[in-house]
Amino acid sequence: MVKERARILVVGGGYVGMYTALRLQRKLRRELRQGQVEITVVTPDPYMTYQPFLPEAAAGSISPRHVVVPLRRVLPDCRVIIGEVRSVRHAERLATLTTLATEEEGAGAEQLPYDELVLAPGSIARTLPVPGLADHGIGFKTVEEAIGLRNHVIEQMDIASSTRDPAIRDAALTFVFVGGGYAGVEALGELEDMARYTTRYYHNIRPEDLKWILVEASGRILPEVGEELGRYTVTELRRRNIQVLLETRLESCADRVAVLSDGQRFPTRTVVWTAGVKPHPLLAATDLPRTDRGRLKCTPELAIEGHAHAWAAGDAAAVPDVTADAPGASAAECAPNAQHALRQAKVLGDNIVHSLRGEPLQTYAHKYVGSVASLGLHKGVAHVYGRKLKGYPAWFMHRAYHLSRVPTFNRKARVLAEWILSGLFKREIVSLGSLEHPRAEFELAAGGKPPYDPKGST
């Protein structure tokens, strides 16, 4: 039994937030029933996004609704608030938050008291002051962005198929991806595969008409899978007529022209920005210690240094890697990736329970077992437990691994069913760009003028 009544506040509904709340819900079931514990989850979205499936959702292999997990369904014993925490004063055990009703009420931000705090707001896209990026760039971090990008790519093919202007056609069929990490490479690989397949249904577009460009500032891509598999990935992508430009930066994309640091210029209507992430701005609005990179300073037990009753994990936390063997390993930190986040959440949930019950805390210790990456249908690379796989075996391992990790049996069954059906039938190539602006057609019919193209092409 817990020593005293506790109000647990979980900030964020991503990997760490959802899995920590799920762990607490299971471990404290009796205390929750008796009213000794209250768990509140504050998150901007009512669902957790399983991000490794975003590239397949963009390619149409998985339905968007199966990439997300509804929090209210998996956390029935928790209070889920759809809103955003704006600041935290841990010294006073107070969080300031806004909800969907805040503006309607006109009463300003709410003050939410708590006893135990879990900070897991995740990260946001790391952008640079590149001219034109804010106007024309497309991110790839949410399910909405993934589906929007799919619609956008197919719409560009529609534009290219119908225009008589060769300059417009060339720009529409040029797709620039910035960032050679997981998000950039997997999104590019899946979408190129999808677009190449889609060309068979256009009478005047051939696969070789499509121009795909990957821009990476460093000298290698996919550093997580190792140098050898990184070189193999570059070779594989170039074999598919994808230009891989290493040690190159995007200098500008103003006026719909991608200007690179090596002097090349590509007129394009598609610039996808996947060049890394940075800590969530909320961390700077707390009274908790942070590292030079803006992440929260944590102990190996996932507590925030020097502050009792405050915890963190995942992208927001700088967690010491106690398994590091190299000289100076004491300064090593766990990489901010999904593999660590999932495992940290379990230890974090257990440690909060231990703390409430006055028991010793666990140390988070997990060696990185490897990485898997998809490069399109039946293509991939994997480096797992020291073994290197390429092509179909790596792609199969990628799917098997992530199917085993996606939350809930419901989602596993639905994703598996979709994969089986996609193997039996042809790909879907429809674009539903109008979903992004569902009222546009009605506004036009009612006599108004839509402020955007109803089809969502810009």
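The model is predicted, so local features were taken only at pLDDT of at least 70 and side-chain atom pairs only at pLDDT 80 or more, while totals for chains, interfaces and linings use all residues. Residues are numbered from 1 along each chain as its sequence is written, and side-chain values use heavy atoms, with hydrogens and water left out.

Helices and strands are DSSP runs numbered from the N terminus (helices: H or I, at least four residues; strands: E, at least two). Two strands are said to pair if DSSP finds at least two bridges between them. Three strands form an open sheet in the order β22-β23-β24, and their pairing is antiparallel. Because β22 (370-374) and β24 (387-390) stand at the edges with a single partner strand each, one side of each has no neighbour in the sheet. On average, neighbouring strands of this sheet are turned by 10 degrees against each other, direction ignored; the axes are lines fitted to C-alpha atoms, and angles between N-to-C directions run from 0 to 180 degrees. Strands of a sheet pair through backbone hydrogen bonds, either parallel or antiparallel. Four bridges join β23 (residues 380-384) to β24 in the antiparallel sense. H383 has K388 of β24 as its bridge partner, and A382 stands opposite L389 in β24.

Most residues other than glycine have a negative phi. In the hairpin of β23 and β24, which has two residues between the strands, Y385 takes a positive phi near 50 degrees. H378, in the loop between β22 and β23, is not a glycine but has a positive phi of about 70 degrees. H378 has a relative accessible area of 41% and is therefore partly exposed; buried means under 20%, exposed over 50%, and partly exposed in between (1.4 Å probe, protein chains only). H309 also has a positive phi of about 70 degrees, although it is not a glycine. H309 is found in the loop between β19 (296-297) and β20 (310-312), and its relative accessibility of 33% makes it partly exposed.

Pockets and cavities were located on a 1 Å grid over the protein atoms alone: a cavity is a set of points where a 1.4 Å probe fits but cannot get out, a pocket is an open set with protein on both sides within 12 Å along at least five of seven lines, and lining residues have an atom within 4 Å of a point. The second largest pocket holds about 890 Å³ of space. Its lining has 35 residues, of which G60, S61, I62, S63 and S422 are the closest to the centre. Helix α13 supplies the largest share of this lining, seven residues. One cavity of 30 Å³ or more is present in the structure, and the largest cavity contains about 40 Å³ of space. Helix α11 (residues 338-357) gives the most to the lining of the largest cavity, with three residues.

Zero disulfides were found in a search of the whole structure, a disulfide being a pair of cysteine sulfur atoms within 2.5 Å. The sulfur of C298 has its closest cysteine sulfur in C334, at 10 Å, which is too far for a bond. C298 counts as buried at 3% relative accessibility, and C334 counts as buried at 4%.

Technical notes: Grid points are joined across faces, edges and corners, and a volume is the space filled by probe spheres set on the points.
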